Amino acid sequence: MAADVVDCDVAIIGYGPVGATLAGLLAGRGVRTLVIDREVDIYPLPRAAHVDHEIMRIMQELGCADEMLAGMRPNPGMDFLTADHEVLLSMRSPGLTSLGWPASVFINQPLFERQLREAVSRLGATTLLGSGVAAIDSSEAAMYEHADRVQLTLDDGSIVTARYVVGCDGARSFTRRTLGIGSHDLEFEEPWLVVDMLINDADSGLPEFALQVCDPARPHTLVPMPAPRFRFEFMLLPGEDPVAMQTPEAVAELTAGWLPAGAATVERSAVYTFHGLITTRWRSGRVLLAGDAAHQTPPFLGQGMCSGMRDAANLAWKLHAVLRGADEALLDTYQQEREPAVRSIVQAAVDFGRIICTLDPAQAAARDEAMLAARASAAEVQDTSEGVPMAPLTGSLVTAGGGRPSYQPTLAGRRLDDLVGPRWLAITRCAAGEDGAWWTQRGALVLGADEHPELVALLDAAVAPDGIVADAVVVRPDRYVLGGAPTLQHLAAIAEPFLPPV
Ligand SMILES: Cc1cc2nc3c(=O)[nH]c(=O)nc-3n(C[C@H](O)[C@H](O)[C@H](O)COP(=O)(O)OP(=O)(O)OC[C@H]3O[C@@H](n4cnc5c(N)ncnc54)[C@H](O)[C@@H]3O)c2cc1C
């Protein structure tokens with residue numbers, strides 16, 4: 001191999017939030033990880049404003065969640081309003097979820113990404129910033145020349161070789177285009193103006209929770225970010241000029257109904273066309289896609305980046321296991337598990353978007369009538385205290401009672417995940433015996449609910465195949481429950497084909 005070639009186990013193209021998360025999770029497992037980005041600094045324009053409890057849990061693994069939480073703003077819920085501000089739909093999520101974190105928190109993305117990058121560097125990933133990837137060669141010739149490695153050529157001519165490459169290079173993904181992979185279009189395309197304001201007066205009277213104002217004259221969204229920031233998003237109407245709509249005068253006019261003149265200044269603004277897209281193939285041999293490179297969603301549920309970070313958590317432990325000798329078929333379960341889950345959340349966001357983006361007054365009136373009637377006949381407030389409902393994972397790596405994130409109790413003052421680390425967790429109702437030894441040999445932590453009664457709820461939440469409450473539960477390294485069963489032995493049979501050799 002030539003001297004100027006940089007070699008690693010996993011090369012990540014793109015140091016956005018998804019690439020950074022994957023880099024941290026891999027480096028934390030001891031994988032030699034290199035992240036490449038053509039930009040040195042984080043993206044400067046307004047994008048993500050919200051993350052959920054699962055993302056906080058991933059940040060916990062990276063060691064930065066508590067520090068991040070201090071700069072965030074817990075989100076108590078979201079209301080959908082008519083043009084006259086009558087409530088169409090109300091969702092509330094107070095307190096902590098069973099995952100140990102608030103269901104929803106508002107973030108300032110630049111601060112969030114800075115803290116994330118600091119954590120990634122503490123965990124020991126190498127970064128190569130300021131030069132983009134110009135070519136990806138995973139041909140047989142390249143693999144032969146570089147001993148089973150994909151070759152990347154950077155803009156400055158330098159060469160990187162890696163056993164696996166993950167394209168986390170965003171919506172216009174160079175990796176996806178190089179692999180010639182197309183997308184399913186969920187046929188949603190709307191232009192929105194996004195404005196982050198700096199509010200002068202803490203007592204501004206702005207709402208404490210997110211609002212979706214379904215006004216056919218101008219659909220708009222309000223997002224209370226960490227003080228002193230506040231986000232407004234306005235749908236652009238046909239024929240409006242995106243540049244003219246970003247002037248301070250235009251923004252002052254748009255926000256006039258919510259803020260008196262001079263109460264705030266524009267920090268940053270951008271016009272985006274919101275899409276719903278899902279890439280058809282997320283893996284081609286040793287090259288994989290994650291985050292916006294694999295899927296894009298309109299931001300009405302604040303789930304684009306969250307979905308990408310879930311991709312990273314799903315992929316990190318699988319890449320680590322394959323690098324330690326597990327069957328490469330484990331990597332096929334990545335798209336099998338993530339695509340249906342992403343599809344359901346993108347579809348939900350598109351459906352919400354269609355509700356919100358109605359410009360026809362007659363259609364809007366019919367929508368309001370139907371939603372008000374639905375609200376009158378059901379609970380006035382929808383309880384989302386366990387977060388926005390997500391589809392469970394399906395496929396060969398989950399079984400009955402599995403497919404969802406596990407509860408995270410506190411054991412003797414320590415959060416469960418901090419105790420487990422990036423390992424498998426096997427839990428039994430009583431002492432585990434020999435079945436437990438099988439898991440211990442494979443690096444898992446084995447705990448009994450007889451010694452740790454806080455784990456009983458976790459066992460009770462998983463139902464065994466015969467419908468009887470499970471006496472054994474296994475949690476995967478990404479904190480998703482593999483399943484519940486009468487004994488750990490039943491669960492070993494499911495996991496064994498995917499584990500590295502002992
Ligand atoms: C208005 C708006 C609001 C949003 N709100 C939310 C929200 O509240 N919650 C949420 O979860 N999501 C939200 N999202 C979505 C979220 O911003 C994106 O899903 C997220 O930023 C995608 O992260 P990523 O790391 O996949 O890609 P990106 O952040 O786009 O990062 C890709 C990186 O790859 C680099 N790159 C590209 N090509 C190359 C190359 N050839 N070589 C090297 N580097 C390369 C780029 O420089 C970039 O740094 C919102 C989006 C918008 C537009």
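Modeller: We shall take helix packing, then the ligand, then the backbone. Please note that this is a predicted model.

Colleague: How is the packing of two helices described, and at what angle do α1 and α4 cross?

Modeller: Two packed helices are described by the angle between their axes and the distance between those axes. Here helix α1 (residues 17-28) and α4 cross at roughly 25°, and their axes come within 9 Å. The two are therefore roughly parallel to each other, and α1 passes α4 in a left-handed crossing. On the α1 side the contact is made by Pro17, Ala20, Thr21, Ala23, Gly24, Ala27 and Gly28, and on the α4 side by Gln109, Glu113, Leu116, Val120 and Leu123. Sorted by class, the residues of this contact are seven nonpolar, four polar and one charged.

Colleague: Which residues of α2 and α4 meet?

Modeller: Ile55, Met59 and Leu62 in α2 meet Phe112, Leu116, Ala119 and Leu123 in α4. This contact has seven nonpolar residues, with no polar and no charged ones. As for geometry, helix α2 (residues 53-62) and helix α4 (residues 109-123) have axes 10 Å apart and pack at an angle of about 35°. Leu116 and Leu123 of α4 take part in the contact with α2 and also in the contact with α1.

Colleague: How do α12 and α14 lie relative to each other, roughly parallel or roughly perpendicular?

Modeller: The axes of helix α12 (residues 433-441) and helix α14 (residues 488-495) cross at roughly 30° and come within 9 Å. Angles under 35 degrees count as roughly parallel, and α12 and α14 are therefore roughly parallel to each other. The crossing of α12 past α14 is left-handed. From α12, the residues in contact are Asp435, Gly436, Trp438 and Trp439; from α14, they are Leu488, Gln489, Leu491, Ala492 and Ala495. Six of the residues in this contact are nonpolar, two are polar and one is charged.

Colleague: Turning to the ligand, how many residues surround it?

Modeller: The ligand is surrounded by 32 residues, of which Asp37, Arg47, Val133, Asp292 and Cys306 are the closest. One then looks at individual atom pairs. A polar side-chain atom of Asp292 lies 2.7 Å from an oxygen atom of the ligand. For Val18, a backbone N or O atom is 3.0 Å from a ligand oxygen atom, while for His50 a backbone N or O atom is 2.9 Å from a ligand nitrogen atom.

Colleague: Finally, the backbone. Which peptide bond is cis, and where does Glu187 lie?

Modeller: The bond from Ala227 to Pro228 is cis, with omega near 5°. Pro228 belongs to the loop between β14 (220-223) and β15 (229-235). Glu187 is in strand β12 (residues 183-199), and has a positive phi of about 55° although it is not a glycine.

Definitions and conventions
Residues numbered from 1 in each chain as written. Predicted model: local features only at pLDDT ≥ 70, side-chain atom pairs only at ≥ 80, totals over all residues. Heavy atoms only, no water. Axes fitted to C-alpha atoms, helices over the stretch in contact; angles between N-to-C directions. Helix = DSSP H or I, 4+ residues; strand = E, 2+ residues; numbered from the N terminus. Parallel < 35°, antiparallel > 145°, perpendicular 65-115°, else oblique. Left-handed = near helix turned anticlockwise from the far one by under 90°. Contact = heavy atoms within 4.5 Å. Nonpolar A, V, L, I, M, F, W, Y, C, P; charged D, E, K, R; others polar. Near = heavy atom within 4 Å. Polar contact = N/O pair within 3.5 Å; in protein donor to acceptor, adjacent residues only side chain to side chain.
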